[in-house]
Amino acid sequence: MKKGEVQLHESILVTFFIIIIISLGIVLYYKFTSNSIDNYEMEYKQQQLTSSLIIFQNFFEYTNLGEPMNAVDTSKLFYNNLYYGFRTITVEQVYPAQNDEIKCELNNYPECNYFVVYDNQNTRMKNKIVQSIPVSLYYPLSNEYKLGRLTFYLYY
Amino acid sequence: MKKGEMHFNWIFIMIVGAVFLAFFTGFAIKYKDLQERKTEITMLNNINTALTNLQSSSFVISTRIDLPLDINIDCSNNGYSIFINEKNKADVLIASKKNIKRSMHAWYQPYKIPFKITNFYYLTDDSPINIATNNVNLVNSIKEEMPDDFKSKINVYNGNNFVVNGDLNKGTVTVDEKEVPYFGKEMLYAAVLSSNYSCFYNNIKNEINKAVSIHESKARILTKSGCNYNLILSKINLLSDINDLDYGIVKSIEDLNKNLISINCAGLY
């Protein structure tokens, strides 16, 4: 093989390896960007869940003569014709604290402290995002306010 | 170099070149999709935040969002969705034209008859809204109640593209040869600002039915206190069909609710 041919082959090899390194860099950069967008999407899901918590609170809000009182009306929580996709929504009383968890049903209300407002789980969805906010709970039968926690579980 | 070797080199270069070209082209396309998805998520996040924040204000305010991409608002009987690059379900009722370009103005009103049914979101962009109506005075009067950035875009003329039969509270609007009722001025705003008001109306009927059911279920619980909610419930049930309903029903429900409170019963709303 002549000296010129050897140099040509060397140049081709070097170019080839440089292109391989650039390609690897691009693949890594793509993966990195893709991951950051996945994280961003997750943040969006969390943001959406926070909005859902606020919208939910407004939907079941206690109003006095139509004026919002910034509290969840617990007597409305038995409405069961809701659709929120694959989610579980619970409302629990946290203060005054009670030792036992008593699920609220029509027959034991208001002598209870835990509402499952919506529950639609899918066994194939292994991941979930959980978000809670403190809420004021209003009990119209006793005209009492209690402190509660509204929790959304989003399955994906 | 022999002739055979030369051919092999050229074939080798062409194959490797094609592989690299395919790789870089594929990367460019995927990267473009990725960036579009990122823009879409950013926009959805901004829209979501803006719409949620509007609810927290007790004043008549509107907000403006710059849109890097155009958005389509799709309405079906199952609700609304915002389409940017793909369909994204919206959990709110939106009165808007189908396509919103460059910037979006949003305004919010709670819908109460007299108890709260839901929240309406009114969206528009920078382009003018021309309304040729048979009732210029009525449309002008509702235009005056809108925020400035909505008011400035609405031009009202005499004509027959938007025919209103009724007053501020109750009546029908005829758009594109479809006559659709409205009940409350919030629905009339929606009729002015929607490109598909009949779809909006179908969705609001579902929301009214939901609100009626919630209050029915609440009344069943409140009867434990010994109070009688049958009369107010019979009136509330009438709201399920607002087509032939007199707007006076709102006042009558309001009075019945006040009467319940005056005899030490819990109000229904």
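Me: Let's start with strands. How many bridges join β11(B) to strand β12 of chain B, and do they run parallel or antiparallel?

Reply: First, keep in mind that this is a predicted model. The general idea: strands of a sheet pair through backbone hydrogen bonds, either parallel or antiparallel. Here, β11(B) and β12(B), residues 170-175, are joined by four bridges and run antiparallel. To find one by eye, look at Asn165(B), whose bridge partner in β12(B) is Thr172(B).

Me: Which strands make up the sheet that β11 of chain B belongs to, and in what order?

Reply: It's an open sheet of three strands in chain B, ordered β11-β12-β13, with antiparallel pairing. At the edges stand β11 (163-166) and β13 (178-183); each has a single partner strand, so one side of each is left without a neighbour in the sheet. On average, neighbouring strands here are turned by 25 degrees against each other, direction ignored.

Me: Which helix lies across β12 and β13 of chain B?

Reply: That's α5 of chain B, residues 197-222, which runs at about 45 degrees to β13(B).

Me: How many residues join β3(B) to β4(B) in their hairpin?

Reply: Three residues do that. The two strands, 79-83 and 87-90 of chain B, run antiparallel and are joined by four bridges. One pair to look for is Ser81(B) with its bridge partner Lys89(B) in β4(B).

Me: Now helices. How many residues of α4 of chain B are buried?

Reply: The idea is to count how many other C-beta atoms lie within 10 Å of a residue's own: 20 or more makes it buried. In α4(B), residues 185-193, eight of the nine residues pass, so this helix is largely enclosed by the rest of the structure. Among them are Met187(B), Tyr189(B) and Val192(B).

Me: What span should α1(A) have?

Reply: At 1.5 Å a residue, this helix (residues 3-59) should span 84 Å; its end C-alpha atoms are 83 Å apart, which agrees.

Me: How many residues does each chain bring to the contact between A and B?

Reply: Chain B brings 34 residues and chain A brings 30. On the chain B side, α1 (3-55) and α5 each supply at least two residues. The most comes from α1(B), with 15 residues. By type, the chain B side divides into 15 nonpolar, ten polar and nine charged residues.

Terms used
Residues are numbered from 1 along each chain as its sequence is written. Chains are lettered from A and ligands numbered from 1 in the order in which they are written. This is a predicted model: local features need pLDDT of at least 70, side-chain atom pairs count only at pLDDT 80 or more; totals for chains, interfaces and linings use all residues. Two strands pair if DSSP finds at least two bridges between them. Axes are lines fitted to C-alpha atoms, for helices over the stretch in contact, and angles run from 0 to 180 degrees between N-to-C directions. Two residues are in contact if their C-beta atoms, placed from the backbone, lie within 7 Å. Ala, Val, Leu, Ile, Met, Phe, Trp, Tyr, Cys and Pro count as nonpolar, Asp, Glu, Lys and Arg as charged, and the others, Gly among them, as polar. A residue is buried if 20 or more other C-beta atoms lie within 10 Å of its own, exposed if 12 or fewer, and partly exposed in between; C-beta atoms are placed from the backbone. The expected span of a helix is 1.5 Å times one less than its number of residues.
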